[in-house]
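Please find below my notes on the model you sent. The points are numbered so that each can be answered separately.

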Amino acid sequence: MAVVAGVFAFQFMTATAEESEPEADLTPVSVEVPALEGEDAVICLALTATAPDTAGELPARPVEGGERASEFVLAYGDPAVVATCGAAAVEIEDTAPVFKLNGVCWFSEENGDGSSWVTLDRQVPVAVEFPAEFEQPSDVLNDLSTVIAEKVKAAETAPTGCA
């Protein structure tokens, strides 16, 4: 009798927990697609084709915004974290703080809607936009850095703090 009661209680708690967790919105994310050609386009396609299904435990989401959106842009979670291969490079001073995560050097800037992280040491820059709700993006960046380090060649030069 105790076993039956335990099984019933477990099923009830599981059903209640599932009902209380809001479902994440995993509909396509509308993104801006960089205009890339040649080797840069091939590098970004290699990155997006081998990107993880989750980043920082956030599930991947489809992207829309043009013919090649899924070849150059990744999105994860709700609200969406958006990673763009072929982003504009950033210029920083040698004294600016940089962060090295899984072999990739990043620069971060806060903006009104969250934060923007851009690679500093890659042949093709990758930018990751985080909504304001994300206070600590390191889990996502660590997961993405692994595949970026594998697929996007290191630049010939990098800021001093990236060494």
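**Notes on the predicted model**

1. The sheet. Eight strands make up an open sheet with antiparallel pairing, in the order β2-β3-β5-β6-β10-β9-β8-β7. At its edges are β2 (54-55) and β7 (99-101), each of which pairs on one side only. The model is a predicted one, and the points that follow should be read as comments on a prediction.

2. Overall make-up. Four helices and 10 strands are assigned in the chain. Along the sequence they follow the pattern α-β-α-β-β-β-α-β-β-β-β-β-β-α. Of the 163 residues in the chain, 38% are buried. Taking contacts between residues at least 6 apart in sequence, 61% join residues at least 24 apart.

3. Helix α4 (residues 138-151) lies across β2, β3 (58-61), β5 (73-76), β6, β7, β8 (104-111), β9 (114-119) and β10. Its direction is at about 140° to β8.

4. The β6-β10 pair. Strand β6 (residues 81-85) runs antiparallel to strand β10 (residues 126-131), and four bridges join the two. Within this pairing, Cys85 stands opposite Val126 of β10.

5. Thr84. Leaving aside residues up to four places away in sequence, Thr84 touches Pro34, Phe72, Val73, Pro125, Val126 and Ala127. One of these, Val126, is also the residue opposite Cys85.

6. Salt bridges. How many salt bridges does the model contain? The count comes to three. Side chains of opposite charge can pair when their charged atoms come close. The three are taken in turn in the next points.

7. Glu39 and Lys153. The closest N and O atoms of this salt bridge are 3.3 Å apart. The pair links distant parts of the chain, with Glu39 in helix α2 (residues 38-49) and Lys153 in the segment after α4, 114 residues apart. Glu39 has a relative accessible area of 45%, so this residue is partly exposed.

8. Arg68 and Glu71. Here the closest N and O atoms of the salt bridge are 2.8 Å apart. Arg68 is partly exposed, at 32% relative accessibility. Glu71 is also classed as partly exposed, at 22%.

9. Arg122 and Asp121. The side chains of these two residues meet in a salt bridge with an N to O distance of 3.3 Å. Both Arg122 and Asp121 are buried.

10. Cis peptide. Asp78 and Pro79 are joined by a cis peptide bond, with omega at about 0°. Pro79 is located in the loop between β5 and β6.

11. Positive phi values. Which loops hold the two residues Glu57 and Asn102? Glu57, in the loop between β2 and β3, has a phi near 70°, a positive value in a residue other than glycine. With 76% relative accessibility, Glu57 counts as exposed. Asn102 belongs to the loop between β7 and β8. The phi of Asn102 is near 50°, again positive in a residue other than glycine. Asn102 is partly exposed, with a relative accessibility of 43%.

How values were computed. Residues are numbered from 1 along each chain as its sequence is written. This is a predicted model: local features need pLDDT of at least 70, side-chain atom pairs count only at pLDDT 80 or more; totals for chains, interfaces and linings use all residues. Side-chain values use heavy atoms; hydrogens and water are left out. Two strands pair if DSSP finds at least two bridges between them. Contact means heavy atoms within 4.5 Å. Axes are lines fitted to C-alpha atoms, for helices over the stretch in contact, and angles run from 0 to 180 degrees between N-to-C directions. A salt bridge is a side-chain nitrogen of Lys or Arg within 4 Å of a carboxyl oxygen of Asp or Glu. Buried means under 20% relative accessible area, exposed over 50%, partly exposed in between (1.4 Å probe, protein chains only).
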